[in-house]
Each structure stands twice: as structure tokens, then as C-alpha cells.
Amino acid sequence: MKFFFKPLTYLTIVAFGLFACNSDDSVSDDSVSDDGIDDEEVAVTELHAAFAAFNTDAVTVILSDDGTEVNIETTGFPDHSSIYWEPDNALYIDEPGVTKTTEDTYIGGGQGEAASFTVDATPDLTGATVTTQLNTIGIAVSGASIFNDQEGMGDLDQAAGSLDWAGAHKGPGVYHYHLEPTPITSDDDNLVGILLDGVFIYGRQCSSTGTNPTGLDASGGHTSTTQYTDGVEEYHYHIINEVYTTGNYAYSPAYVLFAGPFQGY
């Protein structure tokens, strides 16, 4: 099982990961090692159906020739409005309640906004959990990065005033979400994105029941069908339905997108 994350302007090896596709006609147990495939890797013949939800103007997803890995690349630019676009951009909106990280910080105006990472094509959830790190921990369907609930060396509260209506900010690196990204999901079952351990994350509701799921693990994860699994159960995360309260965030209610830990190790 392997994983690497690579902002396109620099390389950071973080960890390894996984990705789910349990359809019987698209997954084969390829544990034979004489073809060079790792014994723990499982090959698939097609990309997971959930990748159809990603913004193709920003995100490129490629299945490796041997079907054991998936490479995901993004420009880092979201497909929705924000105060973090330049004022002459069609997606710029004024958000009087938001205090930008720095006034001259704009989407597309920084360094290292594009990113890529590779995960195993099939999840292996038999290993240990791993704490999330600062920086990108996943890519959302919009094309923007997903961060955890930490900011710099402290908690998110100190920077909550700079988060836009999407629960995101930029400064000075990538534009990224810390909170439930309301342009993508708002108390529904929409797909939010994929995390660095290869597991998909959805909104606060689960399509299997149409309600806020109960009995989630510490990461907001559980195993059930989703709208992309054709009746097959698979492990996935949800945004946990617990209100995040802070006095300086301009919008409410708010929910932390993902605090971890990763389960895909």
C-alpha cells in the first residue's frame, strides 16, 4: 500500500493511501507477485464512479496501467465564488464579514497552488490510523484542497475570521477548505472529495438512509452503500454533524470538514 502527495512546485512524501471500488465486475484480487504487483495491492479495471463528480476543468484523474494506483492532479482553483478571487474575476464576491488573510492574496496569484497525489486503487483498511498533518489532506470535487481543523501551530479559531462563505481561505499558499464547503454540500449526501488515504468523504447525510448517519467512527467513517457504489457497501467518511462554534467566523452554522485521523493505513 503506498501513497504520495506532490504539490507541483515541490515534493513532500507524506504517507500512503487507498481508494475504494468494490464493484465485483471491476475489481480483481491480483495478489500474484510475478507480474510485479505488490501482494497487498488489488487491481481495478476502471475508475471509481465517484470521480465523475469532480470538476474536470481543475481535476485530472488517471488509473495506472496495471490498475493498482490512481493519480489525482488539480490546478487548485475552485469552481465557485469567493472573496479570494481577484476583484475583476467573474467569481469574485464581496464578503464584508470576512477578514482576508492578506489583502493581496488571490486564487491564482500564488505559488504551489497546483497539487497531485497518488493512492492505491483499492482501500486497505486493515492498518493503523494516522493523524492528519498540516497542508493538503485531500482534494475536493471543486478542485480546491482540503485541510484539517488546525491552522499553523494552533487550532482553527485564530484564523476563522478569514474563512469565506465556503469555509475556506488562502494565504499565502493554496486556497483550501477547513469547514463544510457549502458550495459543494450543506447537510446533504453530496460527495465532497477524496482524502490522501484514498477514502472518499461525503456531506453530513448518507445516501443509504437519507439521514445524518449515527454510529460513525472517530473519523466520521462507516461502511454502507453510496450513490456511486451500485448497491455495494464500502467504507467512506462523512462530515461529522457537530456544530463548530467560534466567535469570529462570519457564517453559521459551521462544521469541521475533516479532523482525522486517516483510517486508510
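Are R204 and E180 buried or exposed? R204 is buried, and E180 is buried as well, where buried denotes a relative accessible area under 20%, exposed one over 50%, and partly exposed the range in between (1.4 Å probe, protein chains only). The model is predicted, with local features requiring pLDDT of at least 70 and side-chain atom pairs counted only at pLDDT 80 or more, while totals for chains, interfaces and linings use all residues. Residues are numbered from 1 along each chain as its sequence is written, and side-chain values use heavy atoms, with hydrogens and water left out.

Three salt bridges are present in the structure, a salt bridge being a side-chain nitrogen of Lys or Arg within 4 Å of a carboxyl oxygen of Asp or Glu. In general, side chains of opposite charge can pair when their charged atoms come close. E180, D187 and R204 are joined in a network of such bridges. Between R204 and E180, the closest N and O atoms are 2.7 Å apart. R204 is in the loop between β14 (200–202) and β15 (221–224), and E180 is in the loop between β12 (175–177) and β13 (191–195), so this pair ties together parts that are 24 residues apart in sequence. Strands (E, at least two residues) and helices (H or I, at least four) are DSSP runs numbered from the N terminus.

R204 also forms a salt bridge with D187, with an N to O distance of 3.7 Å. Because D187 lies in the loop between β12 and β13 and R204 in the loop between β14 and β15, the pair ties together parts that are 17 residues apart in sequence. D187 is partly exposed, with a relative accessible area of 29%, whereas R204 counts as buried at 6% relative accessibility.

A further salt bridge joins the side chains of E113 and K170 (3.2 Å, N to O). This pair links distant parts of the chain, with E113 in the loop between β5 (69–74) and β6 (115–120) and K170 in strand β11 (residues 168–170), 57 residues apart. E113 has a relative accessible area of 6% and is buried; K170 is also buried, with a value of 1%.

A polar atom of the K170 side chain lies 2.3 Å from the backbone oxygen of G173. Leaving aside neighbours within four places in sequence, K170 is in contact (heavy atoms within 4.5 Å) with Y84, T101, T105, Y106, I107, G110, E113 and Y175. Nonpolar packing was considered next. The largest nonpolar core has 45 residues, of which I72, I146, Y177 and I201 touch the most other members; such a core is a set of buried Ala, Val, Leu, Ile, Met, Phe, Trp, Tyr and Cys residues joined through side-chain atoms within 4.5 Å. At least two residues of this core come from each of β4 (59–63), β5, β6, β7 (138–140), β12, β13, β14 and β16 (234–238). β13 supplies the largest share, four residues. Leaving aside neighbours within four places in sequence, the contacts of I72 include F51, V59, F117, I139 and I194. Another core, of seven residues, lies apart from this one and has L156, L163, L179 and A254 among its members.

Key. Polar contact = N/O pair within 3.5 Å; in protein donor to acceptor, adjacent residues only side chain to side chain.
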